[in-house]
Amino acid sequence: MKRANSAEASATEGPQAACVPLPAIFAAFFVIGATSFGGGSIGWIHREIVVRRRWVDDEVFLGTLALGQAMPGANGIKTAALIGDRLHGAAGAATAVLALLSGPFAIVLALGAAYARIGSLPLLHSVLDGIAAAAIGLTFATGLRSLAQGAPGPVPLAIAAATMLCVGILRWPMIPVVLVLAPVSVALAMFAPRRA
Amino acid sequence: MRDGLGDTLLALAGAFAPLSLLAFGGSNAVIADVAHQSIAQGWTSARDFADFFALARAAPGPGSMLVALVGWQAAGIAGALVATVSLYLPAAVLVWVAARIWGRWRGSRWHAAIERGLAPVAAGLFLSGGIAVLRLSPGGPLCGSPRSAPPRCCCCGRGCTRCR
């Protein structure tokens, strides 16, 4: 009933959401989680949930992305929680998140167990160093891209540089740094509104 | 032993749950802090952390799932579960609650400012994550070279000869 209310209360929620059974939600998100290599689960969620199964439409999907961008957390998990909520309320949200995480969790632990057994092989370290190098490059690329995507200007650049200096270079704890810099940055964005 | 395990589990939750709520831009924003804390707390070595980072990136799912490996090494399967739940659950609950009040603040001046203000912080955190793992990896410019050299390097915690 919660859902019926919200569906009619808000235009952003799009057409009436179907009540998809929990096992179907679990199956769909489990497959997405277990196959989303490279961490790009958003694209897979869109393909499986919006395009293939048509459980929600693009408008709802983009609405969840927009909300997720203003919130902390893994992007795939946030999207799963919000779409799961649309599909089957709170239980759907919990099911989607659990399903999305359980595959990667098991696979990562299995890899870890294998690593513990053969971790002394020099070749393994070389392989992992290669993967890490690629992943580090991707991490930098993501950081630079998200810097370029936001309103480029001296203030955002200074905030990004300060964050990187404190957390990355000086290795200060992230929590106080973000608790100080994030409100400052949001306030500056608020009082110096610029169309990006 | 029992107390030791409980303490470790609490420490894992205490370290990762707050990060969950500050992981702006995605969970990879926490990698730098997870690296610093995991090594400072002795949950994992620098060598293992760099390898865990690679393992988690090679596996499907979020790269931040490396916390499962950190938790597992610190406190077994219970540690893996606690670390994973701590990193993902708080943020999932928060976004779910926010969705319930979404209609009221969507498109508002606040929402736009939050999105624009958080983007550079997220960018800085991602870059920090790259720096943190680069420091832990062998052979990089920040680190010097081979791990065959004597251990206990000040900057990368392992067999570098050049850094000081």
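User: What percentage of the 164 residues in chain B are buried?

Analyst: Buried residues make up 61% of chain B. A residue is called buried if 20 or more other C-beta atoms lie within 10 Å of its own, exposed if 12 or fewer, and partly exposed in between, with C-beta atoms placed from the backbone. Please keep in mind that this is a predicted model, where local features need pLDDT of at least 70, side-chain atom pairs count only at pLDDT 80 or more, and totals for chains, interfaces and linings use all residues. Residues are numbered from 1 along each chain as its sequence is written, while chains are lettered from A and ligands numbered from 1 in the order in which they are written.

User: How many helices and strands does chain B have?

Analyst: Helices (H or I, at least four residues) and strands (E, at least two) are DSSP runs, numbered from the N terminus. Chain B has six helices and zero strands, giving the pattern α-α-α-α-α-α along its sequence.

User: Which residues of α3(A) are buried?

Analyst: They are Ser41(A), Ile42(A), Ile45(A) and Ile49(A). Viewed down the axis of α3(A), these buried residues fall within an arc of 100°, so they line one face of the helix; the arc is that of the directions from the helix axis to the C-beta atoms. The face turned away from the buried side carries exposed residues, namely Gly43(A), Arg47(A), Val51(A) and Arg52(A).

User: What covers the buried residues of α3(A)?

Analyst: The cover includes α2 and α5 of chain A. To describe helix packing, axes are lines fitted to C-alpha atoms, for helices over the stretch in contact, and angles run from 0 to 180 degrees between N-to-C directions. Two residues are in contact if their C-beta atoms, placed from the backbone, lie within 7 Å. For α3(A) and α5(A), the angle is about 35° and the axes are 8 Å apart. Here Ser41(A), Ile42(A), Ile45(A) and Ile49(A) of α3(A) meet α5(A) residues Asn75(A), Gly76(A), Thr79(A), Ala80(A), Ile83(A) and Leu100(A).

User: At what angle do α7(A) and α8(A) pack?

Analyst: Their angle is about 175°, with the axes 10 Å apart. That makes α7(A) roughly antiparallel to α8(A), a label for angles over 145 degrees. Among the residues making this contact are Val155(A) and Ile159(A) from α7(A), and Val177(A) and Leu181(A) from α8(A). By class, the contact has nine nonpolar residues, two polar and no charged. Ala, Val, Leu, Ile, Met, Phe, Trp, Tyr, Cys and Pro count as nonpolar, Asp, Glu, Lys and Arg as charged, and the others, Gly among them, as polar.

User: How many residues of chain A are in contact with chain B?

Analyst: On the chain A side there are 75, in contact with 72 residues of chain B. α5(A) gives the largest share of the chain A side, 19 residues. That side divides into 48 nonpolar residues, 23 polar and four charged.

Definitions and conventions: Angles under 35 degrees count as roughly parallel, over 145 as roughly antiparallel, 65 to 115 as roughly perpendicular and the rest as oblique.
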